Amino acid sequence: METLLEPLAYAFFQKGLIVAGLSGALLGLIGVYIVLRGMSYIGHGLSHSIFGGFAAAQLFAAQFYALAAGLWGIASALAITVVVKKSRVGADAAIGVITIASFALGVALFAKFGSSGPSFDNALFGSILGISVGQIVGLVAVAILTSAFVFLRYRALLFSTFDPEVAAVSGVRVNRVEAALMIVLSLAILATLTVIGVTLVAAMLVIPAVIARMLTDSFGRMLAYSTAIGFASGLVGMYLSYYAGVPSGTMIVLVGATVFVIVLAITGGRGLRRSAGLDSHSEDLLAERAA
Amino acid sequence: MTGTGVGPELIRLDGAAASYGHHRVLTDVSFHVHEDQFTGIVGPSGAGKTTLLRLVLGTLKPVAGEVFRRPDLRVAYVPQLETVNWNFPVTVMECVLMSRTRGRRLPWASRQEKADVHAVLDRLGIGGLAERHIRQLSGGQQQRMFLARALLRQPQLLLMDEPTSGVDVSTRHDILHLLADLHEDGVAIVLTTHDLNGMAAHLPHLVCVNHRIVADGTPSEVITPAVLEQTFGARMEVLEHLGMRVVVDEAPSNYLAGGA
């Protein structure tokens, strides 16, 4: 008990604990949809593409860098959705092209006109211990918005993720649902990026969802498990980071990775089969089942 | 079984054409679906059968011609099993409930919704499997599950893409009987198949497709060597057995003789 209470004497740790838990839960929740849609790379990609927005803000209005980055990220996410729908390019390739091009544009603009400052460094590495009250409020607001979106559009999101063509025939406005999901994802990445950094955002979008998939065959339970695993990884990672003297973002990712290995060892082949081909619509699965 | 389509019209395609990019898949397709219709769309792989279904569904817009759909028509669609992501984390209950998405706000199923799902699963002979993951079902059970999802919409028109692909003979018979019962209940049915003997020959109405409509009529009208060669690009013989048409590949010796 002493171990748990001692760090709580520090205000920076209290705020860090709230932010780590909330960020983990938020990314764990939205990550389920991203992983099941075969867009696991989007967290990594979008968190990089957002630098384009930071760069643009340096040119025009540096104080609005968060807004600019958010708009840039939303534009990139919507562009990915449009390219995947309108062309034969797969989600992974579209994410690779659009987000890296956006990142490169950001780097070029920085090199020509900008200068790296605290906001840039925070975006890169995160600053969970130096977080402001404003950032916490923003994170809480995005978490509430995301939870409300998932709650109110639960069935439409599930149907359009599993079977978009039949969903559209059944009256679901699939394009609208997907666009809303991309906007919510961009806001979630933006709200967590400056707090926990690029690496952690990308990792926490994927790791809790994959672990949850290994634990259950039910979509509803996968959502709950992924959110809980993200939340717990954030809390445990913060405590371990405090006692080990290791950066919090790194420790939170390591906690998630450790849970992944443990669950894999416990569930064995069953867990691997569940998590393998999360986004596949493959005939080899049918062949495997028929064999 | 009647089903050649003389009742009120549900869908009409007039000279419709469909393309994917620059690749034209269907040309000048005129096709009607009526209330009492039970039609099989027959053709080889890549002939445009699924594309024709998509035109009927409205998920694909024609690049030429027109598609008319009766306003407020309730359509349900059962996709090919090969296109389904069987690793997706959904139970049978969650999958069938997807039909009750529109207008519903709460994530969880109401007591009435659960009762409706159990009733339709029982009707299709897969009651008791509601909590299973979709991958834990046999091919026939998976087909019935998607049929259950479609029926929960209480459709006036049911479209099915290759419903007997990859299932055994017994399951194929079961599915045919189920569809016949649904048709008796007043549901118009249009399905695609490339199974001439196991499926098409048992249906009341066939449309042969190979990038265009080759023939349209009852099995006795369209299952002929000439139409089949035009449709499938291969010579086939047609025999009569107990009043039904049976298609057999031309004897290999004929090919060997021709090719020698």
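In what sense, parallel or antiparallel, do S8(B) and strand S9 (residues 213–217) of chain B pair, and over how many bridges? The two strands pair in the antiparallel sense, over four bridges, where pairing requires that DSSP finds at least two bridges between two strands.

## Basis of the model

This is a predicted model, in which local features need pLDDT of at least 70 and side-chain atom pairs count only at pLDDT 80 or more, whereas totals for chains, interfaces and linings use all residues. Residues are numbered from 1 along each chain as its sequence is written, while chains are lettered from A and ligands numbered from 1 in the order in which they are written.

## Overall form of chain B

Chain B contains eight helices and eleven strands, both being DSSP runs numbered from the N terminus (helices: H or I, at least four residues; strands: E, at least two). The radius of gyration of chain B is 19 Å, close to the 18 Å that the globule rule gives for 260 residues, so the chain is as compact as a globular protein of that length; the radius is taken over C-alpha atoms, and the rule is 2.2 Å times the number of residues to the power 0.38. The C-alpha trace of chain B spans about 65 × 40 × 35 Å along its principal axes.

Of the 260 residues in chain B, 41% are buried, a residue being buried if 20 or more other C-beta atoms lie within 10 Å of its own, exposed if 12 or fewer, and partly exposed in between, with C-beta atoms placed from the backbone. Among the contacts in chain B with a separation of 6 or more, 69% come from residues 24 or more positions apart; two residues are in contact if their C-beta atoms, placed from the backbone, lie within 7 Å.

## Two domains in chain B

The domain assignment of chain B gives domain 1 (1–74 + 155–218) and domain 2 (84–154), with bounds that come from an automatic or database domain assignment. The centres of domain 1 of chain B and domain 2 of chain B, taken over C-alpha atoms, are separated by 24 Å.

Ten residues of domain 1 of chain B are in contact with eight residues of domain 2 of chain B. On the domain 1 side of this contact, helix H5 (residues 169–184) of chain B gives the most, with four residues, and the residues of that side divide into six nonpolar, two polar and two charged. In this classification Ala, Val, Leu, Ile, Met, Phe, Trp, Tyr, Cys and Pro count as nonpolar, Asp, Glu, Lys and Arg as charged, and the others, Gly among them, as polar.

## Helix H4 of chain B

At 1.5 Å a residue, the 13 residues of helix H4 (residues 139–151) of chain B should span 18 Å, and the end C-alpha atoms are 18 Å apart, which agrees; the expected span is 1.5 Å times one less than the number of residues. H4(B) is mostly covered, with ten of its 13 residues buried, including Met145(B), Phe146(B) and Leu147(B). The buried residues of H4(B) pack against strand S5 (75–78), helix H2 (92–97), helix H3 (111–123), strand S6 (157–161) and H5 of chain B.

S5(B) and S6(B) run parallel and are joined by four bridges, with Val75(B) opposite Leu157(B). S6(B) also pairs in the parallel sense with strand S7 (residues 188–193) of chain B, over five bridges, and here Met160(B) stands opposite Leu191(B).

Strand S8 (residues 205–209) of chain B likewise has five of its five residues buried: His205(B), Val207(B) and Val209(B) point one way, and Leu206(B) and Cys208(B) the other way. Strand S3 (residues 38–42) of chain B pairs with S8(B) in the parallel sense over four bridges, and Ile41(B) stands opposite Val207(B). In S9(B), Gly217(B) is the bridge partner of Leu206(B); S8(B) and S9(B) form a hairpin with three residues between them, and His211(B) in the turn has a positive phi of about 70°.

## Contact between the chains

The contact between the chains takes 28 residues from chain B and 34 residues from chain A. The side of chain B that touches chain A has twelve nonpolar, nine polar and seven charged residues.
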